[in-house]
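Trainee: I have the sequence and the model open. Can we work through them together?

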Amino acid sequence: MNVMGLKKDVLEWVKKLRFPDGYASNLGRCVDANKLKMFGMKSHDCHVFMQRLLPIALREFLPNRIWEPLTEISLFFKQLTSSSLTDEELRNLDEQIPVILCNLEKIFPPSFFDSMEHLPVHLAYEARIADPVHYRWMYPPERYLRKIKHKIMNKAQVEGSISIGYIMDEAAKFASFYFKEGDPTLSLKEKRNEFILMTLWMMICLKFSSPRVKQSVPKGNGI
């Protein structure tokens, strides 16, 4: 197996990926084509890569005995972090994760496994007790902390700068209700990939729409 060629193909594929705005960072900027590695990924980007991209990226390059355990652990975390969970699903995950880890032990050397690799054994039981994960993870607070850190103008008075910036945002939000078109201080620039995704969605709707809907569109009026 040509490992260097595999890395290059996967990184080139990741570099061309586009996500909906706010779904993940621009992973193309995290790709180093010269050193054949990825850097600067946030924890949320790592979750997206492991749960969504890893099974697809490695499907054509790895044999089934290696690809299947990696896909199983990806689907385990994908289902565990879903917005809705049932007790039956969590019990199934609790039964599946020991088998998944045993299959991973057949692939990776013993030095790979430490306390972090043992942690998934307890995650399904924790979700049964403490509700779905997205109610407890720290991504929203971390994003908000990053937002208020950008309001620091005077590093000698950090708390005062954050307080003044927060008050200005609240005042602007309150004043926006008195403008017909919203807050004039906010940028109306379209978000990343928003126009492309809207265009693709309209094309899909037109393609799979019923004949009755197609006939209801007047001829000569483009969308």
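**Rings, core and loops**

Trainee: How many aromatic pairs are there?
Mentor: This is a predicted model, in which local features need pLDDT of at least 70, side-chain atom pairs count only at pLDDT 80 or more, and totals for chains, interfaces and linings use all residues. Residues are numbered from 1 along each chain as its sequence is written, and side-chain values use heavy atoms, with hydrogens and water left out. Rings of Phe, Tyr and Trp (its six-membered ring) pair if their centres lie within 6.5 Å; planes under 30 degrees apart are stacked, over 60 edge-to-face, the rest tilted. By this rule, the number of aromatic pairs is four.

Trainee: Are the rings of Phe76 and Phe77 stacked or edge-to-face?
Mentor: Their centres are 5.3 Å apart. Their planes stand at 85°, so the pair is edge-to-face.

Trainee: And are Phe76 and Phe77 buried or exposed?
Mentor: Buried means under 20% relative accessible area, exposed over 50%, and partly exposed in between (1.4 Å probe, protein chains only). By that rule, both Phe76 and Phe77 are buried.

Trainee: Which residues form an aromatic cluster?
Mentor: Start with Phe108 and Phe112: the centres are 4.5 Å apart and the planes at 20°, so this pair is stacked. Phe108 has 27% relative accessibility, so it counts as partly exposed. Phe112, at 37%, is partly exposed. The cluster consists of Phe108, Phe112 and Phe113.

Trainee: Over which ring does the charged end of Arg59 sit?
Mentor: The test needs NZ of Lys or CZ of Arg within 6 Å of the ring centre and within 35 degrees of the ring normal. Arg59 has its charged end 4.2 Å from the centre of the ring of Trp67.

Trainee: Leaving aside neighbours within four places in sequence, which residues is Leu58 in contact with?
Mentor: Contact means heavy atoms within 4.5 Å. Beyond those neighbours, Leu58 is in contact with Leu6, Val10, Trp67 and Leu70.

Trainee: What arc do the buried residues of H6 cover?
Mentor: Helix H6 spans residues 120-130, and its buried residues are Pro120, Leu123, Ala124 and Ala127. The arc is taken from the directions from the helix axis to the C-beta atoms. These residues lie on the same side of H6, because their arc is only 95°.

Trainee: What covers the buried residues of H6?
Mentor: Several helices take part in the cover. The cover includes H3 (64-80), H4 (87-105) and H5 (115-118).

Trainee: What is the phi of Asp131?
Mentor: Asp131 lies in the loop between H6 and H7 (139-149). At 47% relative accessibility, Asp131 counts as partly exposed. Most residues other than glycine have a negative phi. Asp131 is not a glycine, yet its phi is positive, about 75°.

Trainee: Where does Leu36 lie?
Mentor: Leu36 also has a positive phi, near 55°. Its relative accessible area is 16%, so Leu36 is buried. Leu36 lies in the loop between strands E1 (31-32) and E2 (37-38).

Methods
Helix = DSSP H or I, 4+ residues; strand = E, 2+ residues; numbered from the N terminus.
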